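Hi,

Here is the structure I promised to pass on.

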Amino acid sequence: MLELARVDTFRGPAQILRAVSLAVNDGEAVCLVGRNGAGKTTTIDSIMGLLPVRAGTVAFRGRDITRLPAHERALLGIGYAPEDAGIFPDLTVEENFQITSWLARPGEAAAPAADADARIFSLFPEVKSFLGRRGLHLSGGQKKMVAISRAMTLGPSVLLLDEPFEGLAPVVVTRLIEAVKAIKALGVSVLIAESNLVNATRVADRLYAIDRGEIIFHGRPQDVFANEDVMKTVRG
Amino acid sequence: MDVLVIHLVNALLYASVLFLIAGGLSLIYGVMRIVNMAHGNLYAFGAYVTAWAIGSVAGGAPTVLLLVLLPVGALAAAVLGAVLEPTLLRPFYRRAEEYQLLVTFGLLMILEDLLRFIWGPYPLSASEVFENFGSLTIGDSLYPTYNFLVIGVGIVAAIFLWGVIYKTRFGVVLRATSQNMRMASALGVNVNRVYIQAFTLGCFMAGLGGAIIVPGQSAVLGMGIDAVVLAFIVVVVGGLGSLEGALVGALIVGVVREAGITWFPEIELAVLYLIAAIVLLVRPAGLFGRP
């Protein structure tokens with residue numbers, strides 16, 4: 001589905017990713033865990049095309065997309081919800097959804113977002129109650145819900161979630177974890193960048209651990225707890 | 001009373017043209033975060049093209065034909081904008097703001113020379129349209145009817161632009177791109193296409209300003225530089241990047257300028273700069289701008 005092979009990425013003059021290789025298979029939830037600054041967001045940005053990859057390749061469904069611009073990757077089926085949720089602050093929630101609805105179905109007339117895809121609203125039915133609110137006035141949890149639903153509106157094959165649980169109350173985290181499981185059940189693969197190992201193990205089929213831009217562990221969630229070196233590095 | 005009405009109409013006339021220029025400038029900044037110094041000469045380009053088109057076919061041509069030719073300048077400015085954005089501006093988006101200012105200022109100078117090269121140093125007139133419209137009586141005074149057309153175009157342009165930005169798909173995508181270009185692109189929006197559309201629309205507005213004002217005052221070299229200075233005062237007062245700000249700023253500058261010309265002509269521009277300075281001190285982002 002999604003494969004990174006020896007990817008090097010720089011931010012300005014600083015090399016952040018060093019020969020990062022990882023894969024996300026069909027219908028799988030994979031977590032990329034690591035401390036702040038380890039390279040998780042840079043990995044997600046490199047996959048999404050928001051940062052240029054200096055060396056290595058990014059492949060999606062067997063196609064090399066390393067040089068493809070971000071918007072083409074999105075339309076190919078890579079959904080993205082960033083760490084800050086990326087909600088357009090002056091647009092209403094409905095308008096936030098309309099953008100992806102229109103891009104997913106360019107030929108169709110404007111339809112109310114609530115009717116655009118009932119399947120997506122089934123993830124977070126409460127979103128319907130604040131469709132008219134501007135992005136600026138949403139709580140942290142609401143922003144995350146809108147960001148995930150909005151990414152799903154494009155009908156992605158793989159969903160990239162950058163720190164989806166960060167800064168949220170435990171009850172909201174549980175809510176989002178259930179949503180991720182529901183997304184997986186829809187056949188959509190998920191790659192989550194997460195600094196909290198416990199949250200990661202609640203949702204992941206497989207884990208990658210990253211530190212200083214290098215993948216230092218790859219395996220099942222239960223195996224990571226047995227690896228003291230990785231535990232020490234990831235927990236800091 | 002009649003004099004006051006005439007002053008008010010004159011203020012609206014200024015405001016209409018200023019809104020077209022400053023609205024385009026603000027739209028371009030709002031979406032692309034580029035302060036387009038060349039904007040004034042896109043306004044001048046619109047004026048020259050319309051004056052040239054009308055001047056070429058004038059001489060007894062029916063007013064309707066001349067009116068049809070009026071927007072030619074706006075279309076020409078839009079086409080020029082659609083060529084300039086991807087070729088000269090796009091390579092500088094990732095550079096520091098100084099580079100963008102330098103490039104657009106250079107473009108202002110290049111366009112000035114281009115106007116001189118194509119149409120020579122002498123003014124171009126399209127006064128036939130202005131004359132064909134005749135005058136109407138306000139109290140005891142005669143007032144050019146054409147000026148009401150200019151005000152009407154300004155009002156229609158403001159409503160049209162508001163509709164485009166707040167009531168259309170393109171407007172939603174435009175606002176999304178202006179708020180978070182990176183996120184818009186990650187959601188599938190072709191940002192380069194949005195930029196070229198926004199720049200073209202902004203240039204169309206500037207060109208329309210030039211096209212509708214030229215029958216009343218001729219196209220002359222330097223008109224773009226004068227216009228861009230006033231447009232910057234408008235956007236400083238109203239808030240760069242805000243359409244509402246451009247409208248209110250244009251009205252304020254239009255009224256103050258008309259009052260200045262009438263009652264304190266020696267310090268007319270100084271008063272405008274003073275207002276801009278006060279707004280900058282009290283509300284640095286402008287009346288409707290976001291800090």
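How many residues lie between β1(A) and β2(A) in their hairpin? There are two, and A:Gly12 in that turn has a positive phi of about 60°. Before you zoom in any further, keep in mind that this is a predicted model.

On confidence, chain A averages a pLDDT of 89, with 93% of its residues scoring at least 70. Among the elements of that chain, helix α1 (residues 40-48) has the highest mean pLDDT, at 97, while helix α4 (residues 113-116) has the lowest, at 49. Where pLDDT is low, the predicted coordinates should not be read in detail.

Strand β1 (residues 2-11) of chain A and strand β2 (residues 14-24) of chain A run antiparallel and are joined by seven bridges. If you want a spot to check by eye, A:Phe10 sits opposite A:Gln15 in β2(A).

β1(A) also pairs with strand β4 (residues 53-60) of chain A, again antiparallel, through six bridges. Two places to look along that pairing: A:Ala5 is opposite A:Thr57 in β4(A), and A:Asp8 is opposite A:Ala55 in β4(A).

Put together, you get an open sheet of four strands in chain A, in the order β2-β1-β4-β5, with antiparallel pairing. β2 and β5 (63-64) of chain A are the edge strands; each has a single partner, so one side of each has no neighbour in the sheet. Helix α1(A) packs on this sheet and touches β1, β2 and β4 of chain A, with its direction at about 110° to that of β1(A).

The axes of helix α12 (residues 243-263) of chain B and helix α13 (residues 268-282) of chain B come within 8 Å and cross at roughly 150°. Angles over 145 degrees count as roughly antiparallel, so that is how α12(B) and α13(B) are arranged relative to each other. Their crossing is right-handed.

Which residues make the contact between α12(B) and α13(B)? From α12(B) they are B:Val253, B:Val256, B:Arg257, B:Gly260 and B:Ile261, and these meet B:Glu268, B:Val271, B:Leu272 and B:Ile275 in α13(B). By class, that contact has six nonpolar residues, one polar and two charged.

Cheers

Key. Residues are numbered from 1 along each chain as its sequence is written. Chains are lettered from A and ligands numbered from 1 in the order in which they are written. This is a predicted model: local features need pLDDT of at least 70, side-chain atom pairs count only at pLDDT 80 or more; totals for chains, interfaces and linings use all residues. Two strands pair if DSSP finds at least two bridges between them. Axes are lines fitted to C-alpha atoms, for helices over the stretch in contact, and angles run from 0 to 180 degrees between N-to-C directions. Angles under 35 degrees count as roughly parallel, over 145 as roughly antiparallel, 65 to 115 as roughly perpendicular and the rest as oblique. A crossing is left-handed if the near helix is turned anticlockwise from the far one by less than a right angle, and right-handed if clockwise. Two residues are in contact if their C-beta atoms, placed from the backbone, lie within 7 Å. Ala, Val, Leu, Ile, Met, Phe, Trp, Tyr, Cys and Pro count as nonpolar, Asp, Glu, Lys and Arg as charged, and the others, Gly among them, as polar. pLDDT is the predictor's confidence in each residue, from 0 to 100.
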